[in-house]
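Hello,

Here is the structure I promised to hand over. Please open it first, then read my notes below.

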Amino acid sequence: MPLSRTSAERAAADAEYTECVRVGLPQWRRTAYLMSGDWHQGDDVVQRVLTELYRNWSRARRAGNLNALVRTMLMRRLIDERRRGWARVRLTDLLPERPAPTAPDAAERLDLVAALRQVAPRQRAVLVLRFFQDLTVEETAQALGCAPGTVKSQTAKGLATLRGLLAPARDDVPTTMQTGMASGTPTSVLAHGG
């Protein structure tokens, strides 16, 4: 029995939606994780955005750049989630899962993600879009619904915060101890005057 025109159109729209999600989901999940610092919370936000996208698919599929539309929806939802007070409540005593290190720079990535969690939500959104999604200033401004100047200032503030959080621990060591470490002299000898 042939499908009616509306059933055929609905099937085609569902197939188009499914393909869009299949292609974009890995990138959207990574973005949500970087913004929230938590895979579970990120997945929850992505799921809500995908549900909203499906409900409005007839309108959304006509967008000139569908990926940009979904990214904008995702970023706005993540920023809204962070503004709500309950988003700060942890419902478990367990520490969040950490991905297993797979490469030599895994520790640096974890440090970066941890530091990124401490950056203000709007600045974090700008940093993720600019440096992890490789968007231009103008594309980032469009995704966040703000002026390019705002993107630039939020980028500068966010990078300054990250630099402060990621400053090497050696900066805190007294100069004599750094000299001792660099020359191979044990710091305990320097500390005890030996």
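Angles of 65 to 115 degrees between axes count as roughly perpendicular. This is a predicted model. In it, the axes of helix 6 (residues 121–132) and helix 8 (residues 148–166) cross at roughly 95 degrees. Helix 6 and helix 8 are therefore roughly perpendicular to each other. Their axes come within 8 Å.

Which residues meet there? From helix 6, they include Arg122, Val126 and Phe131; from helix 8, they include Val151, Lys157 and Leu162. By class, this contact has 6 nonpolar, 5 polar and 3 charged residues.

Next, the core. The largest nonpolar core has 40 residues. Met35, Leu50, Leu53, Trp57, Leu74 and Leu144 touch the most other members. Helix 1 (5–36) is among the elements that give two or more residues to this core. The largest share, 9 residues, comes from helix 1. Leu50 touches Tyr17, Val21, Leu25 and Trp28, leaving aside residues up to four places away in sequence.

Now the rings. The structure holds 3 aromatic pairs. Tyr17 and Tyr54 have ring centres 5.0 Å apart and planes at 70 degrees, so this pair is edge-to-face. Tyr17 sits in helix 1 and Tyr54 in helix 2, 37 residues apart. Tyr17 counts as buried, at 12% relative accessibility. Tyr54 is partly exposed, at 34%.

Tyr33 and Trp39 have ring centres 4.3 Å apart and planes at 5 degrees, so this pair is stacked. Tyr33 is buried at 10% relative accessibility, whereas Trp39 is partly exposed at 29%. Ring pairs also link Tyr17, Tyr54 and Trp57 into a cluster.

Best wishes

Note on methods: Residues numbered from 1 in each chain as written. Predicted model: local features only at pLDDT ≥ 70, side-chain atom pairs only at ≥ 80, totals over all residues. Heavy atoms only, no water. Axes fitted to C-alpha atoms, helices over the stretch in contact; angles between N-to-C directions. Helix = DSSP H or I, 4+ residues; strand = E, 2+ residues; numbered from the N terminus. Parallel < 35°, antiparallel > 145°, perpendicular 65-115°, else oblique. Contact = heavy atoms within 4.5 Å. Nonpolar A, V, L, I, M, F, W, Y, C, P; charged D, E, K, R; others polar. Core = buried A, V, L, I, M, F, W, Y, C linked by side-chain atoms within 4.5 Å. Buried < 20%, exposed > 50% of the residue type's maximum accessible area, 1.4 Å probe, protein only. Phe/Tyr/Trp six-rings, centres within 6.5 Å; stacked < 30°, edge-to-face > 60°.
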